[in-house]
Structure formats: C-alpha cells, structure tokens
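Trainee: I would like to learn how to read a few features of a model. Please take me through them one at a time.

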Amino acid sequence: MLKTLSVRDVVLIDKLNLDFSDGLSVFSGETGAGKSILLDSLGLLLGNRAETGLIRTGAEKLSVSGVFEIKDKNNPFFALCKENELDVDDEIIIKRTLSRDGKGKIFLNDQPITARLLKELGACLVEIHGQFDNQGLLNPATHLTVLDLYGGYVKNLEQTAATYQKYKTLQKQLMAAEQAYADAAKEEDNLRHWADELEKAKIKPGEEDELNRKRTELMHAEKLIENLNLAYNSLQGRDISNLIRKAQSALEKVNHLTENRFADIGEALDTALIQLDEAVSRIEEASSEINLNANEADAVEERLFALKALARKHACTIDSLPEVLKDFKNRLTALDKGGENIADLRRAVAAARREYMTQAEELSKLRTRTAATLDKAVMKELPPLKMERAVFATEITQLPENEWSGKGFDKVNFTVSTNPNSPRGALNKIASGGELSRFMLALKVNLSQKSSVETLIFDEVDAGIGGATAQAVGERLARLAGKVQVLVVTHSPQVASFSRRHFMVSKTTVDNVTTTKVHQLSAAEKKEEIARMLSGENITDEARAAADVLINGKKTQKNKANPSEETGLLF
C-alpha cells in the first residue's frame, strides 16, 4: 500500500507531505482546487509521462517521492525487480525528478531505473480508475487474465501452457524436418552423383601430403641417385672398415697392457664399425627406393590434379573431402529415412494437439463456470448502484487456431448493456462516465481479494449520482477498503462519510501566487466539510445536522459490530 507521498513544485503544489493508512481515504474540495494534481503527481511515481508543463511556475524542477509497502510476497513486483537485478526489501521508496531542460531521473531504493520499467512496476503497486481510464479492466486484453485470477485454477493453466509449449516445439521440429526433406529431395540426384564420385576417388587422410612428397622426390630422382652413389663409393673406396679394424687391433694391445683402461675407445670403434655397415646398407636400400619411372610421376600429377578439382568443386580442402563424403552419405540416409521420420513427427504433433485441445477445452469449461459466478456477483452489486436495468456479462469466444496460445483458445471480454433490450458491448464503449465508474466498482469489489495490487484509486466514482446511490457507492468502497487500501477523489458527502481519513484539498492565492494545499481533517473538521458538501458555500445548521447523521450513522453501525472500538474516525 501507499504509506507516504511527497510532492515538490508540481503545477500549483509547492510543498506537500501526506501520510496514508490502510482502509478508505477520501479527498474532497471545491472544483478546481487541485485534486487532479494529486493524481498527476502520483501518476509520475507509477510511470506516467513526465512533461515540463507540470513544473511549478518559477521552479527549476519538480520532485515526487513515495513510500510503498507490499504485504503479498507473491506480487509480480518482486519478480520484476529480480529480473532487473534490483534490490528491494519491505519498504519500497520511489523518487522521480524532472528539470526544465526535460532531463529526468528515477530511483527505486536509490537504484536508477528507466521510465519504462517504472511503468511496469507501478502497475503492480496501484490501480487508478477514472472516468477516462483506458487501462486495467477497461482494456479487453486484460480480461482473460482477470477471469483466470478470479477462478484460481492455476494448475490447469500451468498444464495447458506446458502442453502448448510441447505442441509448438514438435510443430517446429516437423516443419524443420519437412523443409530439410524437401531441400534434400531437390538435389537428391546431385547428392548421389557427388557421393559416388567421392566414393570412387577413395581419398585417404593425409594423401595430399604424401603425394606432394612423392612428386618432389620424382622431380629430383636423378640427382638423388647420383648423390647416393657418391656416398656409397666414398665409403667403399677408402676401405674405412679395414682402417677401423686396424685401429681396433692396436687398441686391444694397449688395453692388454693397461688392464683395459681404454676399453671405452674400443667399444666406440665397435659401434662405429656397426653403424658404418648399417649406413652402407641403408644407402643401397635408398638407391633402390628412388624411382626413375616417368609414368609414376605422371600418375602422381594426375592424382593431385583430380583431388584439387574435387576440393574446388566442393569448396573445401583436399583433407576435408572425406568429411564432405560423410555429410553426403548422412543426407542421403536422412532422405531415405526422412519419410518415416516425418510420419513419426506428424503423429507426435497430432497427439500433442489432441492433448492441448483436451486441456484447453477443460480450461474453457472452468472459465465458463467462473464467468457465470462473476457475472452473478457483479449483477448483485448493480441495483443498489442505481443500475438495476444494466446487464453485465462475460463473453467467451474461441479464437482462430493461429491465435491459440499457452493460455488456451479462449477470448474473454467483459460486456455491458445499460438499457433493456439494447445489445451488449465493451465497457468503455457502452457505459457513460458515471456508469463506467460504478461498473468498475462493482467489479473491483468482487475481484479485489484475487488481485495482487494493494492500492486502488477511484477518481470521482460518484460522478452524476447522489442520495441512496451515493450511499451504496460509499458502502461498497468501504467494503473494498476492508481488503485493500482505497483512495477516492469525491464530491459526494455520502461517500466521504465512510472514510477513515479525510483530506481537504484547497487553493489559496497570495500576492498573485496560487497554491494548492492538502490538509488531513480532524473529526470536527470532517463534519464541517461534509456539511459544506451537502449545502454548498453557505453551511447551514441543517447541513451540519445532516452531516452528523451521516457520520454517526456509520459510527453506530461500526460500534454495533465492534463495541470496544473508538468512536473517532471511521474504519
């Protein structure tokens, strides 16, 4: 609920601090005193458009701040804050400023936020109902959610949403499979030709490197053999083996006389002799491996040319060609099995659709029963509000399939008829300003315990009515205020008499400067204000007596129900 409101330099308000409580609070005052400025100020805290024209003449900027308290921890306000990484606790402070240059700042608990986010958060805090309000219950887009909230069938909503998601997921999979199948079918002949071509090529991993090595070797074959022969002849011509053996024989004599002191030299010569023999053998093998066959060189060139042509054809490297072949085979396999896979998906989509239809139909039945209950409850409220000929009816129709959603296939509209035998229509199209406010009141009386919003504001809900009808409006506002905080801008003494707190809005002019003030009335001041509302500017004794009857009548009713309570302000 709204706990405090502070306003600085908004239109005619220079400085204003108001404290609120739960229950019913009313604002009264003569026409033009500035009651609408209060609503404009509060609207700034709820995300309404901020215009420099609201800044008080002579001031450089306006400032509005409010303190809110939310008792319901399931209020979507907290989820929005978490989603936007905002820290909140039990007390919520919102502050907004706007300078002459059009620059503004918005803070939630000292954390900067955008005007767009403020509007979303504000909708979770306060509902404002006025004669020209086009949001909330007057917006047909909200009627489905309102009805579901009133019905309380959360589990059915969750199941329907989950089944719809499953249905849409399978539908997307089917569309993707059908598209892939169609695309593959278009190029099936090409796929088979390309796969066959690559299959016959028998490309091996690393083949390009191996072919390049062979190609280089074949290009330099004569020079390679020439140098290998030179190396072989060099080793054979000098009889290096005999020289090593002579050295070994001499060292044996040295080691014999020195108790093998230089045995390591002999071992080194043994190793050298072995490695020499191995080198000679390897040179002979290498000579035999070098191929001077020109035909093989041509074959290598042709193979490299063919592989490069295939790589260019498929826009890849030669080493990637085996993967390309694998992809072609997979696509052909998918094509061969595609019809079977699509058939399975079609069966799954049909089954999911049937499941969704079953749950959506059950949801629709629940809505129909809930609508009947709501219609009956609202209709019960209309006669005392002097709308005994009016009809309220919740209209439920089925949407075309392309508009189905996780909420089912229903479209919900709250419709009214204000005259006998006249067709029903949308709330904001059929009802006049006063009628509209009373319809809204009748609805909110029944919906309030289901709503997460803890503060309701009614702007002149009593417009155009008086007497017993105004009394009925006051009674319903008081009943509503037993569940949520209610603030009312009123000209009706009957409505004002039900208030727990009564605020007087007045306008004064000093030295050609006009200022709007708001004063919370004492019990005596409240009686005097209600008398003014009854008689006009000249307050008579009869008006004071009538005001006393209005107020004391409420006290008597309340004290009968709660004898121990004070007999001061009501509720």
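Predicted model: local features only at pLDDT ≥ 70, side-chain atom pairs only at ≥ 80, totals over all residues.

Mentor: Residues are numbered from 1 along each chain as its sequence is written, and side-chain values use heavy atoms, with hydrogens and water left out.

Trainee: At what angle do helix α2 and helix α3 pack?

Mentor: Two packed helices are described by the angle between their axes and the distance between the axes. Axes are lines fitted to C-alpha atoms, for helices over the stretch in contact, and angles run from 0 to 180 degrees between N-to-C directions. Helices (H or I, at least four residues) and strands (E, at least two) are DSSP runs, numbered from the N terminus. Here α2 (residues 76-83) and α3 (residues 115-125) pack at about 160 degrees, with axes 8 Å apart. That makes α2 roughly antiparallel to α3 (angles over 145 degrees count as such).

Trainee: Which residues make the contact?

Mentor: Contact means heavy atoms within 4.5 Å. From α2 come Pro76, Phe77, Leu80 and Cys81, and from α3 come Glu120, Leu121, Cys124 and Leu125.

Trainee: How many disulfides does a search of the whole structure find?

Mentor: A disulfide is a pair of cysteine sulfur atoms within 2.5 Å. The search finds zero. For Cys124, the nearest cysteine sulfur is that of Cys81, 8.5 Å away.

Trainee: Is Cys124 buried or exposed?

Mentor: Buried means under 20% relative accessible area, exposed over 50%, and partly exposed in between (1.4 Å probe, protein chains only). Cys124 is buried, at 9%, while Cys316 is partly exposed at 23%. Thr516, in strand β15 (residues 513-520), is buried at 1%. Leaving out residues up to four places away in sequence, Thr516 touches residues including Leu12, Ala33, Ile37 and Val505.

Trainee: How many residues of helix α1 are buried?

Mentor: Nine of the 11 residues in α1 (residues 35-45) are buried, so α1 is largely enclosed by the rest of the structure. Among them are Ile37, Leu38 and Leu39.

Trainee: Where does phi take a positive value?

Mentor: Most residues other than glycine have a negative phi. Asp9, although not a glycine, has a positive phi of about 60 degrees; Asp9 lies in strand β1 (residues 2-10) and is partly exposed at 22%. Asn512, also not a glycine, has a positive phi of about 65 degrees. Asn512 sits in the loop between β14 (501-510) and β15 and is exposed at 77%. Just after α1, Gly47 takes a positive phi of about 100 degrees.

Conventions. Parallel < 35°, antiparallel > 145°, perpendicular 65-115°, else oblique.
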